[in-house]
Amino acid sequence: MFQLGKTIVSEDIIEKDFVCNISKCKGECCIDGDAGAPLEENELQIMQDAYPAVKPFLREEGIKAVEEQGLYTTNEFGEHETTLIEGKECAYVIFDEKNTAMCAFEQAYNQGLISWKKPISCHLYPIRVQDYSGFAAVNYHRWQICDDACSLGKELQVPIYKFTKEALVRKFGEDWYMELEKIAEKIKEEY
C-alpha cells in the first residue's frame, strides 16, 4: 500500500494484470453478486436526470424493478446501490444478440443521449474505492468470474491501473493518475 494524495492505494493495481474478456464472461459482473453496484451520492441526481433517456433501452423487468423499488436502493448501512431485478441482475442490464450483458446507461451514453457513462463503481471495476473520513482506499477486488480477464491481462501485459485509466482519471483527476504512473514506474524498477 502507498499513499497518493488523499488515497491509500493497493500495489495490486500496479502489480496485477487485467483486461475484461467480455466474450468469455458475457458481463457476469452485472448479473451475479448479492447487491447492486455501489453509487456515490452525487450520482443519484444524475441517474434521475438521465432515466428518461435510458428507460427506452431497458427490458420490461428492469422498468418494473425501477417502478417498484426506485432508481436505486439503500442498504442497511445507508449506502446506495443500483436496483436489482428480483435480487439478481442489475435493473439497468440489457443484452445484445450474443446474450452479453451491457449497461443501458452506457448504451444511451454511446448514442450521445446522455453525458454520464455509467456508475463510477462499474467503470472502475475491478477497482473498488472505499471512502473513509479523510481518505479513500483504492483496492483490487478479486472475483472468480473475472479469471478470464486476469488471464487476458497477463497475456497482453496490461496492469489494472492502465486498464482502468479512463475511470481513474474520471474519479481522481489527471494529476492523480500521472502521479500513479510515476509510482508504478518506480515500483517496476525495484523488481
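Which residues of α10 are buried? In α10, the buried positions are Trp176, Tyr177, Leu180, Ile183, Ala184 and Ile187, where buried means under 20% relative accessible area, exposed over 50%, and partly exposed in between (1.4 Å probe, protein chains only). These residues lie on the same side of α10, because they cover an arc of only 115° around the axis; the arc is that of the directions from the helix axis to the C-beta atoms. The model is predicted, so local features need pLDDT of at least 70 and side-chain atom pairs count only at pLDDT 80 or more, while totals for chains, interfaces and linings use all residues. Residues are numbered from 1 along each chain as its sequence is written, and side-chain values use heavy atoms, with hydrogens and water left out.

Helices (H or I, at least four residues) and strands (E, at least two) are DSSP runs, numbered from the N terminus. Helix α10 comprises residues 174-190, and its end C-alpha atoms are 25 Å apart, which agrees with the 24 Å that its 17 residues should span at 1.5 Å a residue. That expected span is 1.5 Å times one less than the number of residues. The face turned away from the buried side of α10 carries the exposed residues Asp175, Lys186 and Glu189. Cover for the buried residues of α10 includes β1 (2-4), β2 (7-9), α1 (12-15), α8 (160-163) and α9 (165-172), with contact meaning heavy atoms within 4.5 Å.

Next come the sheets. Four strands form an open sheet with mixed pairing, in the order β1-β2-β9-β8; two strands pair if DSSP finds at least two bridges between them. β1 and β8 stand at the edges with a single partner strand each, so one side of each is left without a neighbour in the sheet. On average, neighbouring strands of this sheet are turned by 25° against each other, direction ignored. Strands β8 and β9 (residues 135-140) run antiparallel and are joined by six bridges; Gln130 has Ala137 in β9 as its bridge partner. Helix α9 packs on the sheet, where it touches β2, β8 and β9, and its direction makes about 15° with that of β8. Helix α10 lies across β1 and β2 and runs at about 150° to β1. For these angles, axes are lines fitted to C-alpha atoms, for helices over the stretch in contact, and angles run from 0 to 180 degrees between N-to-C directions.

A further open sheet has three strands in the order β3-β5-β4, with antiparallel pairing. Its edge strands are β3 (38-39) and β4 (72-74), each pairing on one side only. Two bridges join β3 to β5, and Pro38 has Glu81 in β5 as its bridge partner.

Some backbone details also deserve a look. Most residues other than glycine have a negative phi, and most peptide bonds are trans. Glu86, however, has a positive phi of about 50°; this residue lies in the loop between β5 (80-82) and β6 (93-95) and counts as exposed at 68% relative accessibility. Asn99 likewise has a positive phi, near 65°. Asn99 sits in the loop between β6 and β7 (101-103) and, at 52% relative accessibility, counts as exposed. Tyr125 and Pro126 are joined by a cis peptide bond with omega of about 25°, and Pro126 is in the loop between α6 (120-124) and β8 (127-132).
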